Amino acid sequence: MPAYVALALVSMRRALGERFLLLTPQTVQDLIDPRILGKAWGFEPLPFTLAEGIEAIVAKSDFIRMAFIHRHGGAWVDADTLFLRDPTNVLFPAGLSHKLHWHSECIFASRPGNTLLAQALVTGLDGGVHAWGNPGRIKDIVAQADDALIPISGTVIDPGYHPRYNFANCEVMRRQDVSVNEFLLTDVSILKLYNTYFRRTAKRMESVAEFLDGGTLLAKLLLHIEADHGYWLDESAQLMDAVS
């Protein structure tokens, strides 16, 4: 697990407390339809290369997330998401409904039994490989959802930085010459970290201590949340133990 992912998960647990649930290969067994866990998932041809074995894991996780929210309800957030504080009221100002609250396959929510997620799961189980970012054709389903959908605005993860922070410009997180105040120009509560890009372009795997000492914008953002290095070291070590 890259250091920044472990630290992002710590930030989630810090913000959400007991409402935070981390799905792991151990905990997911009793929570997900065995048909989802038992199928060999894969992607249509990708324009980039993933490490050996990663494609099947990522493809399966696309359906695990939908299956979990469909069965249990709640909100899904990818592990590569930094929580500056509890985002619940921003994401769901009127509370959680049976409609699909949707930003992307990385951030979505509903009460149990959502019909759009059920449709995507059936499509996935009946089909073969799926498109990256569109498991079970969920994006096509969402595009035709009308009253069954509550859109989550992209502004919830837009820090206001220019050029606009997104997958194409996420390299800014590695820069050492950008301050937190220069980056956080709007009062966001969560930020995407784009693990796919960072993993593919990383020169080596850093320890949590090395990462925090690295002086990057992302390290500064974490220390903006909590300045005590020891806090992040202790909490990430506990998290690593829990998933190992």
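Two strands count as paired if DSSP finds at least two bridges between them. Keep that in mind for the exercises below, and remember that this is a predicted model.

**Exercise 1.** Work out which strands pair with β4, and in what sense.

*Solution.* Start with strand β1, residues 74-77: four bridges tie β1 to β4, and the pairing is antiparallel. For a landmark, look at Trp-76, which sits opposite Phe-108 of β4. Now go to strand β3, residues 100-104, which runs antiparallel to β4 with three bridges between them. Here Ser-104 is the residue facing Ile-107 in β4. Finally, trace the chain from β3 to β4: the link is a hairpin through two residues.

**Exercise 2.** Take strand β4 (residues 107-110) and decide whether its faces are covered or open.

*Solution.* Next, check burial, with under 20% relative accessible area as the cut-off.

**Exercise 3.** Describe how helix α1 (residues 3-16) packs with helix α11 (residues 229-243).

*Solution.* First, get the geometry: the angle is about 100° and the axes are 9 Å apart. Angles of 65 to 115 degrees count as roughly perpendicular, and α1 and α11 are therefore roughly perpendicular to each other. Then find who touches whom: α1 contributes residues including Leu-7, Val-10 and Arg-14, while α11 brings, among them, Trp-232, Glu-235 and Leu-239. Last, sort the contact by class: eight residues are nonpolar, three polar and three charged.

Conventions:
Residues numbered from 1 in each chain as written. Predicted model: local features only at pLDDT ≥ 70, side-chain atom pairs only at ≥ 80, totals over all residues. Heavy atoms only, no water. Axes fitted to C-alpha atoms, helices over the stretch in contact; angles between N-to-C directions. Parallel < 35°, antiparallel > 145°, perpendicular 65-115°, else oblique. Contact = heavy atoms within 4.5 Å. Nonpolar A, V, L, I, M, F, W, Y, C, P; charged D, E, K, R; others polar. Buried < 20%, exposed > 50% of the residue type's maximum accessible area, 1.4 Å probe, protein only.
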